[in-house]
Amino acid sequence: MFTDTHCHIYREYYESIPEVIRRASEVGVNRFIVAGASMRDNVEVLELVKEYSSMYGVIGLHPEEADRYTKEDLLFLEQHLCDDKVIGIGEIGLDYHYTKENKERQKELFRCQLELALKYHLPVVVHSRDATEDTICILKEFFDVRGIIHSFSGSLETANIYIKMGYKLGINGVVTFKNSHLKEILPEIVSHIVLETDSPYLTPHPYRGTTNEPKYIDLIADFICEELHISKSQLEKITNRNISTIFDIL
Ligand code: NI
């Protein structure tokens, strides 16, 4: 059994969520961790995990929300962190790709949610884009917190820093892209990875440009197994072990 450890299976993106689940289960993908990013998403994540037994949720405020969020939003998150099937805080982090102007607001939001992770002993799902140095600095302030570095695509040096801090690396369709160098460091990082799709985004090759869905975990797994000359069941063992060191879902 494989798990899609990071997806956004919201109703607005898919005609039928039961069909998405069925297509995934046909290729052995039977568990889904749905991630929130905005308050609207978080409300939907809470609904989805109630409705579908195979779905678990992480809720949180994405750095894109840094200029919008309110104290009440953080309070709402806190009130739902102990809900059934809410297994972590995410996706949270820093994103300097589109703007660096609100860096301080982003850092403040990130730290507030890491405080919640500490308080409730929950793992975090970290989004970091063009912000590696600051992300590592802040995570080091919270050295008791563990989690997943979502959509990891950095250098081996960066990977090793995260791994040493106890984080696992979320690998998605990016690894299959022709212009990605991620496959070159796979042998060194494979024992610390988990698989994710980030659906509906980041659809793997050769379906780039279409809507992503959790069934493509299978394509990502095939690609990694071929690169590393390992079997699917070996990869399944590695990733399931890593999932259970971070999340409490079994
Ligand atoms: Ni995401």
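**Nickel site and parallel sheet**

The nickel ion is held at 2.1 to 2.3 Å by four residues: H6 and H8, each through NE2, E91 through OE, and D198 through OD. The model is predicted. The angles among the 4 donor atoms run from 81 to 176°. Along the sequence, the donor residues follow the spacing H-x1-H-x82-E-x106-D. Two of these residues can be described further. H6 has a relative accessible area of 1%. The value for H8 is 4%. Both fall under 20%, so H6 is buried and H8 is buried.

The sheet comes next. Strands of a sheet pair through backbone hydrogen bonds. Here, 8 strands form an open sheet in the order 1-2-3-4-5-6-7-8, with parallel pairing. Strand 1 (2-7) and strand 8 (193-195) stand at the edges. Each has a single partner strand, so one side of each lacks a neighbour in the sheet. On average, neighbouring strands are turned by 30° against each other, direction ignored.

L169 stands opposite I193 of strand 8. Helix 9 (residues 232-246) packs on the sheet and touches strand 1, strand 2 (29-35), strand 6 (147-149), strand 7 and strand 8. The direction of helix 9 makes about 100° with that of strand 8. Helix 4 (residues 103-120) lies across strand 4 (86-95) and strand 5 (124-129). Helix 4 runs at about 160° to strand 4.

Notes
Residues numbered from 1 in each chain as written. Predicted model: local features only at pLDDT ≥ 70, side-chain atom pairs only at ≥ 80, totals over all residues. Heavy atoms only, no water. Pairing = 2+ DSSP bridges. Helix = DSSP H or I, 4+ residues; strand = E, 2+ residues; numbered from the N terminus. Axes fitted to C-alpha atoms, helices over the stretch in contact; angles between N-to-C directions. Contact = heavy atoms within 4.5 Å. Donors = N, O, S within 2.8 Å, 3.2 Å for Na, K, Ca; no water. Tetrahedral: all angles 85-135°; square planar, octahedral: opposite > 155°, others 65-115°. Buried < 20%, exposed > 50% of the residue type's maximum accessible area, 1.4 Å probe, protein only.
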